[in-house]
Amino acid sequence: MAQPIDTPERAIRLARTIASDISLYNEEKIIRGLSEDKLFTELSDEIEEGRELYRARVSPELYERTNFFDRAVVDIIIKSKGHVRSKIW
């Protein structure tokens with residue numbers, strides 16, 4: 001098994017890659033979730049699976065003291081869909 005990621009730069013890159021994959025493969029769910037104000041319900045399984053993958057690949061210390069995965073979800077999945085009509089904005 002590969003050594004856990006222990007640098008913030010690599011952890012951020014991994015988090016953003018996972019969030020990008022979620023966004024790429026779940027476009028319809030994301031649009032529906034934003035427009036119906038239930039994004040996290042729509043993507044709960046995908047986000048949890050992504051979080052577990054992220055947790056498994058980074059060092060426990062880095063995972064516990066950062067929120068890189070959550071930030072990537074917001075930056076990659078939510079902000080990129082600013083054009084979708086939503087009650088959120």
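The secondary structure of the predicted chain consists of six helices and zero strands. From the N terminus, the order of elements is accordingly α-α-α-α-α-α. The C-alpha trace spans about 40 × 20 × 20 Å along its principal axes. Of the 89 residues in the chain, 36% are buried. Among contacts between residues at least 6 apart in sequence, 68% join residues at least 24 apart.

Two packing arrangements involve helix 1, one with helix 6 and the other with helix 4. Helix 1 (residues 8–25) packs against helix 6 (residues 68–78) at an angle of about 45 degrees, and the two axes lie 8 Å apart. Helix 1 is therefore oblique to helix 6. The crossing of these two helices is right-handed. On the side of helix 1, the contact is made by Pro8, Ala11, Ile12, Ala15, Arg16, Ile18, Ala19, Ser20, Ile22 and Ser23. Helix 6 contributes Phe68, Phe69, Ala72, Val73, Asp75, Ile76 and Ile77. Classified by residue type, the contact of helix 1 with helix 6 comprises 13 nonpolar, two polar and two charged residues.

The axes of helix 1 and helix 4 come within 10 Å and cross at roughly 155 degrees. An angle over 145 degrees counts as roughly antiparallel, and helix 1 is therefore roughly antiparallel to helix 4. This crossing, too, is right-handed. Ala11, Leu14, Ala15, Ile18 and Ile22 of helix 1 meet Glu46, Ile47, Gly50, Leu53, Tyr54 and Arg57 of helix 4. The contact of helix 1 with helix 4 contains eight nonpolar, one polar and two charged residues. Ala11, Ala15, Ile18 and Ile22 are among the residues of helix 1 that take part in the contact with helix 6 and also in that with helix 4.

With a relative accessibility of 0%, Ala11 counts as buried. Beyond its neighbours within four places in sequence, Ala11 is in contact with Ile5, Tyr54, Val58, Leu62 and Phe68. Ala11 and Tyr54 are 43 residues apart along the chain, yet their C-alpha atoms are separated by 8.1 Å.

The buried residues of helix 6 are Phe68, Phe69, Ala72, Val73, Ile76, Ile77 and Ile78. The elements covering them include helix 1, helix 2, helix 3, helix 4 (44–57) and helix 5 (60–65). Within helix 6 lies Val73, which is buried with a relative accessible area of 4%. Apart from neighbours within four places in sequence, Val73 is in contact with Ala19, Phe40, Ile47 and Ile78. The C-alpha atoms of Val73 and Ser23 lie 8.8 Å apart in space, although the two residues are 50 residues apart in sequence. Val73 and Ser23 both belong to the contact between helix 1 and helix 6.

In helix 2 (residues 27–35), the buried residues are Ile30, Gly33 and Leu34. Viewed down the axis of helix 2, these buried residues fall within an arc of 95 degrees, so they line one face of the helix. Such a pattern may be set against the geometry of the α-helix, which has 3.6 residues a turn, so residues three or four places apart point the same way. The cover over the buried residues of helix 2 includes helix 1, helix 3 (39–42) and helix 6. Just after helix 2, Asp37 adopts a positive phi of about 55 degrees.

Two loop positions complete the description. Asn26 is found in the loop between helix 1 and helix 2. The relative accessible area of Asn26 is 13%, which is under the 20% limit for burial. Residues up to four places away in sequence being set aside, Asn26 touches Leu43 and Glu46. Glu46 also belongs to the contact of helix 1 with helix 4. Thr66 occupies the loop between helix 5 and helix 6. At 22% relative accessibility, Thr66 counts as partly exposed. Thr66 and Ile12 are 54 residues apart in sequence, with a C-alpha to C-alpha distance of 9.7 Å. Ile12 itself is one of the residues of helix 1 in contact with helix 6.

Definitions and conventions. Residues are numbered from 1 along each chain as its sequence is written. This is a predicted model: local features need pLDDT of at least 70, side-chain atom pairs count only at pLDDT 80 or more; totals for chains, interfaces and linings use all residues. Side-chain values use heavy atoms; hydrogens and water are left out. Axes are lines fitted to C-alpha atoms, for helices over the stretch in contact, and angles run from 0 to 180 degrees between N-to-C directions. Helices (H or I, at least four residues) and strands (E, at least two) are DSSP runs, numbered from the N terminus. Angles under 35 degrees count as roughly parallel, over 145 as roughly antiparallel, 65 to 115 as roughly perpendicular and the rest as oblique. A crossing is left-handed if the near helix is turned anticlockwise from the far one by less than a right angle, and right-handed if clockwise. Contact means heavy atoms within 4.5 Å. Ala, Val, Leu, Ile, Met, Phe, Trp, Tyr, Cys and Pro count as nonpolar, Asp, Glu, Lys and Arg as charged, and the others, Gly among them, as polar. Buried means under 20% relative accessible area, exposed over 50%, partly exposed in between (1.4 Å probe, protein chains only). The arc is that of the directions from the helix axis to the C-beta atoms.
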